[in-house]
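Hi,

Here is the structure I promised to pass on. Have a look at it first, and then read my notes below.

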Amino acid sequence: MASYDALFEPFKLTDEVTLPNRLVIAPMTTWSGNLNGTVSDQELAYYKRRAALAGLFISGCIAVSPTGLAFDHQFIAYDDAVLPRLKRLAEAMKSGGSKAILQIQHGGSEAEPKFVLFNQTLSASAVPSFSNPEVIPEEMTEEQIETVVHEFGIAARQAIRAGFDGVEIHGANHYLIQQFVSAYFNRRTDKWGGPLENRLRFSFAVLDEVQSVVRKYADKSFIVGYRFSPEEVHRDSGYTVEDTTHLVDGLIDRGVNYVHVSQNNIQSVPTGQKGNNETIVHLLADHIGKRVPLIAVGGIHQPEEAAAGLRDGADLVALGREAIMEPDWTAKVRAGETGSIRVTLDPGSQNELVVPDRLWKIITQRNGWFPVD
Ligand SMILES: Cc1cc2nc3c(=O)[nH]c(=O)nc-3n(C[C@H](O)[C@H](O)[C@H](O)COP(=O)(O)O)c2cc1C
């Protein structure tokens with residue numbers, strides 16, 4: 001029987017924080033908050049059921065601004081009234097020994113016009129949304145940029161007040177921060193657009209703001225991570241993995257505590273790469289050279305796939321869909337019961353898996369996303 005001891009080695013994330021193992025729960029939106037933007041009871045139960053899976057547990061993304069709501073029933077950070085239930089979320093996520101990280105997000109042009117303030121979405125430039133080209137955002141003014149940067153700081157402050165161990169800045173998956181990095185979505189000619197150096201300015205401004213809040217209100221153990229998509233393959237003018245290495249260097253120079261590369265397949269190689277077929281994870285790990293921990297994710301179902309991610313250079317590996325389908329994943333791997341790991345969704349298992357109604361509906365109905373029995 002194979003041993004997966006490597007997954008269960010402790011890992012020193014920062015000078016102050018050592019994680020008990022190499023496993024992470026990837027951030028996953030639940031579409032299940034209460035209508036006033038608070039965390040619902042169904043969400044608390046869902047997170048609690050998964051609290052013993054990993055050393056680092058990242059929440060679904062919370063909206064930092066009324067201008068940035070991206071999901072129906074998304075939970076919000078910008079109102080003090082949400083704090084008591086946010087505290088309960090932190091408690092639920094920490095109840096199995098994980099560090100709890102709140103992922104903070106602004107949807108930008110990917111936000112839903114019908115959910116945001118004045119029904120007008122914002123972005124770096126007035127370029128139609130990636131997922132819904134009928135939605136045309138308004139180009140942000142300097143004032144609006146400053147406000148959103150400040151709102152990321154407020155969200156970090158809320159995370160501290162609620163008792164989270166850290167925040168993850170959501171710079172991936174086509175949302176506002178990535179829209180600034182992308183030369184396709186960012187057509188600005190001021191200091192926030194143009195050459196890569198300018199397009200990265202917003203990412204760094206958000207990190208600087210979050211860190212200044214953390215220095216002021218949290219102790220040294222508070223974690224600040226950053227998630228990015230490593231390349232933009234959907235447009236001719238998309239940014240590349242090489243561009244991303246500059247983002248990563250800037251984040252490291254500013255003292256980020258970890259970086260998290262968002263992918264659907266942990267083994268992906270850069271688009272159009274010819275030659276030695278090194279994975280994006282491997283290239284990034286090589287470039288980073290252990291200056292900061294790297295989290296990798298994408299398509300991990302069996303422990304061997306997780307262990308392979310570590311061998312490829314990742315310091316930590318994250319489970320997304322698998323953590324929904326198999327809340328006992330880690331216990332089964334530890335017990336050597338890998339044959340019984342569930343890798344598909346049984347439509348009759350919602351209660352047993354403790355999945356909120358709205359999340360369950362979405363994942364069982366959206367074709368090709370989750371393998372449904
Ligand atoms: C239901 C669901 C919700 C997601 N929500 C988020 C999110 O809030 N923030 C984020 O950065 N990624 C989100 N993702 C992407 C995952 O974090 C992960 O990168 C992706 O699912 C690939 O990993 P997997 O193959 O292990 O599922 C979501 C994925 C799923 C399945």
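Let's start with a question: does Phe 202 count as buried or exposed? Phe 202 has 0% relative accessibility, which is under the 20% cut-off, so it counts as buried. Keep in mind that this is a predicted model.

Now for the nonpolar cores. The largest one has 109 residues, and Phe 202 and Val 210 are among those with the most contacts inside it, along with Leu 86, Ile 104 and Phe 164. Helix H3 (residues 142-162) gives this core its largest share, nine residues. If you leave aside neighbours within four places in sequence, Val 210 is in contact with Ile 104, Phe 152, Gly 153, Ala 156, Val 167, Ile 169 and Val 224. There is also a second, separate core of 15 residues, and Leu 56, Tyr 258, Val 297 and Leu 316 are included in it.

Next, the rings. The count of aromatic pairs comes to nine. In one of them, Tyr 184 and Phe 185 have ring centres 4.9 Å apart and planes at 80°; that angle is over 60 degrees, so the pair is edge-to-face. Phe 185 is buried, with a relative accessible area of 4%, while Tyr 184 counts as partly exposed at 21%.

Phe 202 turns up here as well, paired with Trp 192. Their ring centres are 6.3 Å apart and their planes are at 75°, so this pair is also edge-to-face. Trp 192 lies in the loop between helix H4 (176-181) and helix H5 (196-199), whereas Phe 202 is in helix H6, so the pair ties together parts that are ten residues apart in sequence. Trp 192 is buried, at 6% relative accessible area.

Elsewhere, ring pairs link Trp 31, Phe 71, Tyr 175, Trp 369 and Phe 370 into a cluster.

Last, look for two arginines over rings. The charged end of Arg 157 sits over the ring of Tyr 217, 3.7 Å from its centre. Arg 187 lies over the face of Tyr 184, at 4.8 Å from the ring centre.

Cheers

How values were computed: Residues are numbered from 1 along each chain as its sequence is written. This is a predicted model: local features need pLDDT of at least 70, side-chain atom pairs count only at pLDDT 80 or more; totals for chains, interfaces and linings use all residues. Side-chain values use heavy atoms; hydrogens and water are left out. Rings of Phe, Tyr and Trp (its six-membered ring) pair if their centres lie within 6.5 Å; planes under 30 degrees apart count as stacked, over 60 as edge-to-face and the rest as tilted. Buried means under 20% relative accessible area, exposed over 50%, partly exposed in between (1.4 Å probe, protein chains only). Helices (H or I, at least four residues) and strands (E, at least two) are DSSP runs, numbered from the N terminus. A charge sits over a ring if NZ of Lys or CZ of Arg is within 6 Å of the ring centre and within 35 degrees of the ring normal. A nonpolar core is a set of buried Ala, Val, Leu, Ile, Met, Phe, Trp, Tyr and Cys residues joined through side-chain atoms within 4.5 Å. Contact means heavy atoms within 4.5 Å.
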